[in-house]
Amino acid sequence: LAVYLVFLSNGTHVLSPHCRYLWFCVVMPILINYSTHLTARLIMGSSRLHRDIKDASITLAAYVAAASLSILHREYWLTLCSYTFPIVLSGFFNNKKLLNITAFLSVCALLLTTALQCFEHAVNTTFVVNQVVAYGFVLISYLSSVLAINFSHSSFSVIHDQEKENDQLHQIVQLDQMTGLYNHQTFLTQLDAAISKSNAGKEAFCLAVLDLDDFKRINDTYGHDRGDQVLLTLSRVLKEHCDSSDKICRYGGEEFAVIFCGKHRAGAQTVLQDVLKTFSACRYDFTDRQITFSCGLLEYDNTSAADIFFNQVDQMLYLAKRNGKNQICSG
């Protein structure tokens, strides 16, 4: 439109509804570009469509603009270089498939434009140089976009590997290496979080502390390897019976703790009774004697600090021990 206005001002064209340049080089590309960009905006505004479709719609709008510019204004060889924009744009979206399609369509449009120019102009040195420059721009923009995508993928791969390694390190820090349960430090963090939630009125919880009965005798009589076997058995049984929301921890040595998130005392006690029944029924290749545990259980009352509440549960555990072991004592 700006070029047409310049032509009008210097007398190259006269304002007339019969002016071919006005309709084919001004009105037509404006209508094509406006309708294409309007469609792209509608697609971008949809929340249901995948990001790849949105990226493709933007790239297509840029390609249509470049094609209308280069084909309808082919007398200006510089317009042939407009295809670098949709190619670079598709590379910006980090999509190699979209880049290849855009580059292929751009070359096809360039070949069409070249063919039309051959019919309209004499093929001379200047014509050949202009064509070489235009195709060179497209090639350079394509190769640069390929390099950018490869570099981006390489960077994403490094970042992904680092995140994976960080997650693994985080798990190592959080978990007990033998049982795979949360360790002592993580238990304290989870207990504080559960207390904060409960105090905010979001979720009730119960705390259970378990201690294997006569575990020292097992280690002294049969060895620490056999003791580890018992610890792993109890860990497995706890995992089988507790919900995914419950926090199962190895507090230390033969002592375990379970934070029953979202459960009241009756529900937690039912789970623990099943755990005790299943665990005490387990048999080992090194002894015929039944191995059991004692347990203390309390529901949080929204008043105690973490250390006080834990000591209260610990006292229930000692009460279970004094009352004969192999039982759950709850307040």
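## The sheet

Five strands, in the order β2-β3-β1-β4-β5, form an open sheet with mixed pairing. Strands are DSSP runs of E with at least two residues, helices are runs of H or I with at least four, and both are numbered from the N terminus. Two strands pair if DSSP finds at least two bridges between them. The edges are held by β2 (247-252) and β5, each with a single partner strand, so one side of each has no neighbour in the sheet. On average, neighbouring strands are turned by 20° against each other, direction ignored.

Strand β4 (residues 293-299) pairs with β5 in the parallel sense over 3 bridges. G296 has C329 of β5 as its bridge partner. Helix α11 packs on the sheet and touches β1 (205-212), β2, β3 (255-261), β4 and β5. The direction of α11 makes about 140° with that of β4. Contact here means heavy atoms within 4.5 Å.

## Basis of the description

This is a predicted model, in which local features need pLDDT of at least 70 and side-chain atom pairs count only at pLDDT 80 or more, while totals for chains, interfaces and linings use all residues. Residues are numbered from 1 along each chain as its sequence is written, and side-chain values use heavy atoms, with hydrogens and water left out.

## The protein as a whole

The protein has 11 helices and 5 strands. Of its 331 residues, 41% are buried. Buried means under 20% relative accessible area, exposed means over 50%, and partly exposed lies in between (1.4 Å probe, protein chains only). Among contacts between residues at least 6 apart in sequence, 65% join residues at least 24 apart.

## Helices α9 and α10

Two packed helices are described by the angle between their axes and the distance between the axes. The axes of α9 (residues 224-241) and α10 (residues 265-280) come within 10 Å and cross at roughly 140°. Axes are lines fitted to C-alpha atoms, for helices over the stretch in contact, and angles run from 0 to 180 degrees between N-to-C directions. The two helices α9 and α10 are therefore oblique to each other. Angles under 35 degrees count as roughly parallel, over 145 as roughly antiparallel, 65 to 115 as roughly perpendicular, and the rest as oblique.

On the α9 side, the contact is made by V230, T233, L234, V237, L238 and H241, and on the α10 side by V271, D274, V275, T278 and F279. By class, this contact of α9 with α10 has 7 nonpolar, 3 polar and 1 charged residues. Ala, Val, Leu, Ile, Met, Phe, Trp, Tyr, Cys and Pro count as nonpolar, Asp, Glu, Lys and Arg as charged, and the others, Gly among them, as polar.

## Individual residues

E203 is found in the loop between α7 (184-199) and β1, and is partly exposed, with a relative accessible area of 28%. Not counting residues up to four places away in sequence, E203 touches K197, S198, C261 and G262. E203 and C261 are 58 residues apart in sequence, and their C-alpha atoms are 7.2 Å apart in space. Q131, in helix α6 (residues 125-174), is buried, with a relative accessible area of 8%. Leaving aside neighbours within four places in sequence, Q131 is in contact with L80, T114 and Q117.

N94 has a positive phi of about 60° although it is not a glycine, and its place is in the loop between α4 (84-92) and α5 (96-120). K325, also not a glycine, has a positive phi of about 65°. K325 lies in the loop between α11 (306-322) and β5 (328-330) and is partly exposed, with a relative accessible area of 30%.
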